Amino acid sequence: MYKRLRPLLFSLPPESAHNLGLAVARFSKPVRSTVKGVLRYDASVLSQYLWGLQFNNPIGLAAGLDKNAVAVPFWAAIGFGFVEVGSVSARAWKGNPKPRLFRLPADRALINRMGLNNQGVEKIGARLSRLPNGLPPVGVNIVKTPDAKILGAAAIEDFTTTLESVITSASYVTLNVSCPNTSEGKTFEEPEALDGLLEAVLKIRNDTRRHLPILVKLSPPVSTRFVFDSFIDEIIEVCMSHGVDGFVAANTLSSRPELQTPTREILRIGVGGLSGEPLDDASTHLVRYLYRRTEGLVPIVGVGGVSSAESAFRKILAGASLLQLYTALVYEGPSLVKQIKMGLSQLLIEHGFQTIKQAVGAEERVRWRLEKPTRRTPAQQHPQGT
Ligand SMILES: Cc1cc2nc3c(=O)[nH]c(=O)nc-3n(C[C@H](O)[C@H](O)[C@H](O)COP(=O)(O)O)c2cc1C
């Protein structure tokens, strides 16, 4: 169905197609139970408890697609095991001038410089508090209002205002300190500033009776040689010393690895965060690095280029307990979620895992061809067990 609709959607400017898709998802109530029936796939090997929450499967919707939390029941109906809404900021924000979203079909990628447009926590928080029961975990990704005039203590207060407004409705909260798309830059992805932010955030969380899991979303390593920002070890250290509950790895990439899309087209598009398949290796590398540095102490959500059961499996073996996707959904449509879940269950079972937890970080124990296929062929979509 989506494959037939895609040419129509792709004939529209990317942001218009996005808004149309979101409107369909938002008003899908009459067909939701049919969609749910068709796309249903459960397997006990995919289910796990993390942070006291039940995840029926590890495939989640990444932040940025449903920034204003308008279609959460739809994402649940198409089979996501959890949904992350946002980024949400204390004040409503318009984002950058359009055009600000671009397709790179040859690379199955997107470039965006949306600039954190969202309706603000008052509206979004109210919407979240009205969500029906029985949904999978709903995480809220929060960010500082990207107003360069909000600095220092005011910046921390801006963040904590948002946290306090969603503290009862969120299953978990992700602190977005790594958005590459604001003129003010990544003000909190730096050890000293992050230390101050986490101090305030975790104090608020610890003062409540409920242990709301707090995750930190980081940038992928820049360049194809996976060079990390020199601060990465300090950032991990700061997060762990404050008792952060997990990481989301990774946000979009501001540099440009080798791409199929002609360079002149990339130059024409200009600045923005790259997402989709070209981000897969870099984000997996960050997952692996975090898993090793933290000795697997906290769960990691792997995001960036997840587009198949194989890419999902690679990230789990590298250390991800959960996964998220955005760009692949634009290219493949809602049935992708079921396809990944089916393929992933098969891969887990073929490799002798009874639960997903056993596979997390197990890459050295698994005889698995870790090199990435260059082109997806039917044989590669259904690899033989080793
Ligand atoms: C158009 C667009 C908007 C995004 N907005 C956000 C956002 O508001 N907050 C955030 O943390 N990540 C945002 N992201 C990043 C995604 O959550 C994800 O980290 C990234 O796209 C990599 O995953 P993917 O390759 O599956 O798309 C956005 C991505 C895209 C493509």
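**Stop 1: helices H10 and H11**

Select residues 280-293, helix H10, and residues 309-318, helix H11. This is a predicted model. The two helices pack at an angle of about 25°, with their axes 8 Å apart. Angles under 35 degrees count as roughly parallel, so H10 is roughly parallel to H11. H10 passes H11 in a right-handed crossing.

Now show the side chains where they touch. On H10, pick Asp280, Ser283, Thr284, Val287, Arg288 and Tyr291. On H11, pick Ser311, Arg314, Lys315 and Ala318. How do the residues of this contact divide by class? There are three nonpolar, three polar and four charged residues in the contact of H10 with H11.

**Stop 2: helices H11 and H13**

The crossing of H11 past H13 is right-handed.

Colour the touching residues next. H11 brings Ala309, Glu310, Ala312, Phe313 and Ile316. H13 brings Ile340, Gly343, Leu344, Leu347 and Leu348. Count the classes in the contact of H11 with H13: eight nonpolar, one polar and one charged.

**Stop 3: the largest pocket**

Select Tyr2, Leu5, Val24, Phe74 and Pro334. Of the 34 residues that line the largest pocket, these lie nearest its centre. The volume of the largest pocket is about 970 Å³.

Which elements give two or more residues to the lining of the largest pocket? Select them in turn:

- helix H1 (2-10), helix H2 (14-26) and helix H3 (29-39)
- helix H4 (72-77) and strand S5 (101-104)
- helix H12 (327-332)

Then colour the whole lining by class. You will find 26 nonpolar, five polar and three charged residues around the largest pocket.

**Stop 4: the largest cavity**

How many cavities of 30 Å³ or more are there? The count comes to three. Go to the largest cavity, which holds about 450 Å³ of space.

Select Ala63, Asn112, Asn251, Thr252 and Tyr326. They lie nearest the centre of the largest cavity, out of 31 lining residues. Then show strand S6 (109-112), strand S11 (273-276), strand S13 (322-325) and H12. Each gives two or more residues to the lining of the largest cavity. By class, that lining has 15 nonpolar, 14 polar and two charged residues.

**Stop 5**

Zoom in on glycine 86 and serine 87. Is the peptide bond from glycine 86 to serine 87 cis or trans? The bond is cis, with omega near 10°. Serine 87 sits in strand S4, residues 82-88.

Move along to lysine 98 and proline 99. A cis peptide bond joins lysine 98 and proline 99 too, and here omega is about 0°. Look for proline 99 in the loop between S4 and S5.

Finish at tryptophan 51. Where does tryptophan 51 lie? Find it in the loop between strand S1 (48-50) and strand S2 (53-55). Tryptophan 51 is not a glycine, yet its phi is positive, at about 50°.

Methods. Residues are numbered from 1 along each chain as its sequence is written. This is a predicted model: local features need pLDDT of at least 70, side-chain atom pairs count only at pLDDT 80 or more; totals for chains, interfaces and linings use all residues. Side-chain values use heavy atoms; hydrogens and water are left out. On a 1 Å grid over the protein atoms alone, a cavity is a set of points where a 1.4 Å probe fits but cannot get out, and a pocket is an open set with protein on both sides within 12 Å along at least five of seven lines; lining residues have an atom within 4 Å of a point. Grid points are joined across faces, edges and corners, and a volume is the space filled by probe spheres set on the points. Helices (H or I, at least four residues) and strands (E, at least two) are DSSP runs, numbered from the N terminus. Ala, Val, Leu, Ile, Met, Phe, Trp, Tyr, Cys and Pro count as nonpolar, Asp, Glu, Lys and Arg as charged, and the others, Gly among them, as polar. Axes are lines fitted to C-alpha atoms, for helices over the stretch in contact, and angles run from 0 to 180 degrees between N-to-C directions. Angles under 35 degrees count as roughly parallel, over 145 as roughly antiparallel, 65 to 115 as roughly perpendicular and the rest as oblique. A crossing is left-handed if the near helix is turned anticlockwise from the far one by less than a right angle, and right-handed if clockwise. Contact means heavy atoms within 4.5 Å.
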